[in-house]
Amino acid sequence: MIQTKSLTKRYGKTTAVDSLTITVEPGKVTGFLGPNGAGKSTTMRMILGLDHATSGTASVNGHPYAALRRPLHEVGALLDARALNPDRTARAHLRSLAATHGINYSRVEEVIELTGLRSVADRKAGSYSLGMGQRLGIAVALLGDPKTLILDEPVNGLDPEGVRWVRDLVRHLADLGKTVFLSSHLMSEMELSADHLIILAKGKLLASISMTDFIAAASDVGAKVRSPHISEMANWLKQPGVRIERLASDAIEVYGLTATQIGDAAAKQSWPLHELTPLTVSLEDAYLELTNSATEYRSESFDNYAGQGGQR
Amino acid sequence: MSNMPFATPDGRFPEYMLPEAPNPQHNTAAPPTNSPSIADMRRTPPPTWQPLAPPLNTPPNPNAPTSPVAGSTQQFLAPQMRPTTPSRYLATPPPQSPMTTDNPPTPTIPQNRYPVASYQPATPITQPQSTSPEKYFGYDHYLRQQQRVENFNVSPNFSTPTPPPNLRPEQESVGRYPIGAVPESNTALERRFGGTPGTPDIPMSAPAMPMTANFPTFQPAPSSHTSQLSHDFDSGLLDDYAAAQPKPVKLPRESSVTVRDVTFFRVLRSESLKLRSVASTWWLLAVAVALTIGMGALMGWTLKSVFENPDQIGLSISTADLLRDMSATTLATSGMQFMQLIIMILGVLYITNEYATGAVRATLTAVPKRSMVVIAKVVNLSVTVFLTSLASLYVAALIGWGFISKYGVDDRFTLQGLRVIAGASLANTLIALFAFAVGLLLGSTVGGISSALGTLLVLPIITSVLPWSWATRIGEYLIGSAATWLYNFNEITLPLSWQWNEWGFLKGLWVTGIWALVPLIAGTIMLGKRDVGSFG
């Protein structure tokens, strides 16, 4: 359980995090979203006590981080996988961290095995690829079997097998009852992993909401319908408050009625339905819509980019 | 008979579901009259788990009794058997009611020029076939399925059965929590859908918001076309709203990994491991040792040749006498300046390497008490430098003695000699600590090394060049010269001085000590205040 109360961080005149009050609950995966420069990494660093807050407090399992007697057992963090000496082997790095808490070397081997680093554990950490370094960071986070996990972009650089593994891992850990605090820019992965979302923009909290509520709020009520009797169906369903868009010769999109109602109506009229898909937006669309005005570093539209073309 | 598979091509149900032995003349259209109670169903132990899909080419047993649900291939999952891994959940479509005995429509193969790899027959909407298990992940939905299965053989006016007890084998090993007091089971089944079974249906226009403290500013915009949700068990939307209910906190099980408190000695051990596991440490120490021993040997050889051929070098008799008083240990300390150079670099790199690579974040995440980290590093560095100096200086003394054994004073095994070497090692340690403190204060490798080496080498030159007398006085108090008083005593030429006001061992000790301690304390305080999150 992570709690912050009016957490603020100012660098001179710029406010990186503005009076943030959030609660990250155990037993579910909480996704931490926000545009670049929103203050996500700063918040995570303040939770871990690496940066000092200008005002406000952050606590983990009820205590500030500096007061924990076994920090690696309470919180496992992956903030930057490159936070290690590149001349040291992964095994030595893990062992040195394990030694601070009196953790047995068998646990180090266990964690190396778990993250799939067995074959490269004795190579210098500086020679690791991006994915291997990321796995080592996850190994460091899991070393003390923590009750809380704070992961900043854990799937950055991982191959699909690794991405799937991280997804299943955070799911499994959340099911065990741990608190998982996950920050990622990969919306498709976030949609699959997270149960609860905390969205930040320009240092301010935009939303702390469950995934389903967020998507439902951004979704229109409607469905895509495909049927051989599509014209009759469209005429039947037309009413004030309902908008119908023609997609293909046998498909329409109906806005304003639930899939249930359309299906019932079709069944009553004995129109066979070849497809009835309720409309939902993806997390990406819902998120971009919400943070549209709150993005600080926005890319320019490239429609007018007159660069060199490719070869003929 | 009790080892029958769960489903056969002719749609037989396992025996324990039926009230009595199946009657071969059983009418397919008539529903069974004797409905077992739910208690009866549960009392009978279920058969052992069998694979669900029977082999395709198994011919139907002509002697087997027909069941009311003829002609449909069904997969069945007993209510008491729940798979424990989430990825193997199976969609369990509800069985067809006995009233509708329509055969599924025969598929019409489309006339294509290209063969179709797999053709899915069209299924009527009344029998939903879910391809994604997501819709069936809901705990409530699972229970509703279960109720449908249980209600199949039950007369319509039977009351709603209570859900089965929440007993799973692994829950008994939770540890501190007695059975029954355990919160909702920790399966992925319930990860999204908490709350107690039988959550009332919630109309869509009023979604329940989670009861988190300080609820955010974001409010979903009220849309004009939301309509009341009619009851539909299969939509999956109810499960989504069940997820919005506040769930009981799931406490994690006890950890099987032994993790102990962070104590100073554990941090010390960790620092020692870190220093040992980096190649640059060994290289620097090797160079320092080689320099010391090399310098000692070189000086010994030079002195020997000077003494043997004084006229060739043109030295007076008094200088030769002086040389006669050279002891082995004093010879060993002749190369101290070079060793101090390397030791300073080691001291600075020890701390600034962590800043530069960002490893300080990993260290301070594991040990948030920053003063403990600094003190452990200080102790580690001191012990390393002291022992290395001791060993290399002693070896240098032995080798040097090999050259000047005929001419000098043998103090290799005397207390005086030991004092010299110990004093020299102490001087090296304090200089290393000074360099470490400079690195801690400045944070950068380049700044640290240049400042430390400048203080050791450049400042004495400046003070000696300046014409004023106070410049010379200041020059005495610089770290390089103050440190020499820790080992620069020769019982024959200079008395061992323990006075405060005279330059001697004690004065050298406290001046060098202040040089090391003041930046160290300042650096520790600065580290405590500084933001280390974005280093490296």
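The legends below describe close-up views of a predicted model.

Local features here need pLDDT of at least 70, side-chain atom pairs count only at pLDDT 80 or more, and totals for chains, interfaces and linings use all residues. Residues are numbered from 1 along each chain as its sequence is written, chains are lettered from A in the order in which they are written, and side-chain values use heavy atoms, with hydrogens and water left out.

**View 1. Chain A as a whole.**
Chain A holds 11 helices and 14 strands. Helices (H or I, at least four residues) and strands (E, at least two) are DSSP runs, numbered from the N terminus. Of the 312 residues in chain A, 55% are buried. Buried means under 20% relative accessible area, exposed over 50%, and partly exposed in between (1.4 Å probe, protein chains only). Among contacts in chain A with a separation of 6 or more, 68% join residues 24 or more positions apart. A contact means heavy atoms within 4.5 Å.

**View 2. Helix α3 of chain A against helix α4 of chain B.**
Two packed helices are described by the angle between their axes and the distance between the axes. The axes of α3(A) (residues 90-100) and α4(B) (residues 264-276) come within 7 Å and cross at roughly 165 degrees. Axes are lines fitted to C-alpha atoms, for helices over the stretch in contact, and angles run from 0 to 180 degrees between N-to-C directions. α3(A) and α4(B) are therefore roughly antiparallel. Angles over 145 degrees count as roughly antiparallel, under 35 as roughly parallel, 65 to 115 as roughly perpendicular, and the rest as oblique. The crossing of α3(A) and α4(B) is left-handed. That term applies if the near helix is turned anticlockwise from the far one by less than a right angle; clockwise is right-handed. From α3(A), the contact uses Arg95(A), Ser96(A), Ala99(A) and Thr100(A). From α4(B) come Arg266(B), Arg269(B), Ser270(B), Leu273(B) and Lys274(B). The contact residues of α3(A) and α4(B) divide into two nonpolar, three polar and four charged. Ala, Val, Leu, Ile, Met, Phe, Trp, Tyr, Cys and Pro count as nonpolar, Asp, Glu, Lys and Arg as charged, and the others, Gly among them, as polar.

**View 3. Helix α3 against helix α5 within chain A.**
The axes of α3(A) and α5(A) (residues 130-142) come within 10 Å and cross at roughly 20 degrees. That makes α3(A) roughly parallel to α5(A). Their crossing is right-handed. Ala90(A), His93(A), Leu94(A) and Leu97(A) of α3(A) meet Leu136(A), Ala139(A) and Val140(A) of α5(A). The contact of α3(A) with α5(A) has six nonpolar residues, one polar and no charged.

**View 4. An aromatic pair in chain B.**
The whole structure has six aromatic pairs over all chains. Rings of Phe, Tyr and Trp (its six-membered ring) pair if their centres lie within 6.5 Å; planes under 30 degrees apart count as stacked, over 60 as edge-to-face and the rest as tilted. Phe434(B) and Trp515(B) have ring centres 5.6 Å apart and planes at 90 degrees, so the pair is edge-to-face. Phe434(B) sits in α12 (residues 415-442) and Trp515(B) in α16 (residues 505-529), 81 residues apart. Phe434(B) is buried, at 4% relative accessibility. Trp515(B) is partly exposed, at 25%.

**View 5. Two loop residues with positive phi in chain A.**
Most residues other than glycine have a negative phi. Asn61(A), not a glycine, has a positive phi of about 50 degrees. Asn61(A) lies in the loop between β5 (55-60) and α2 (71-74). Its relative accessibility of 26% counts as partly exposed. Lys202(A) also has a positive phi of about 50 degrees. Lys202(A) lies in the loop between β9 (196-201) and β10 (204-210). Lys202(A) is partly exposed, at 41%.
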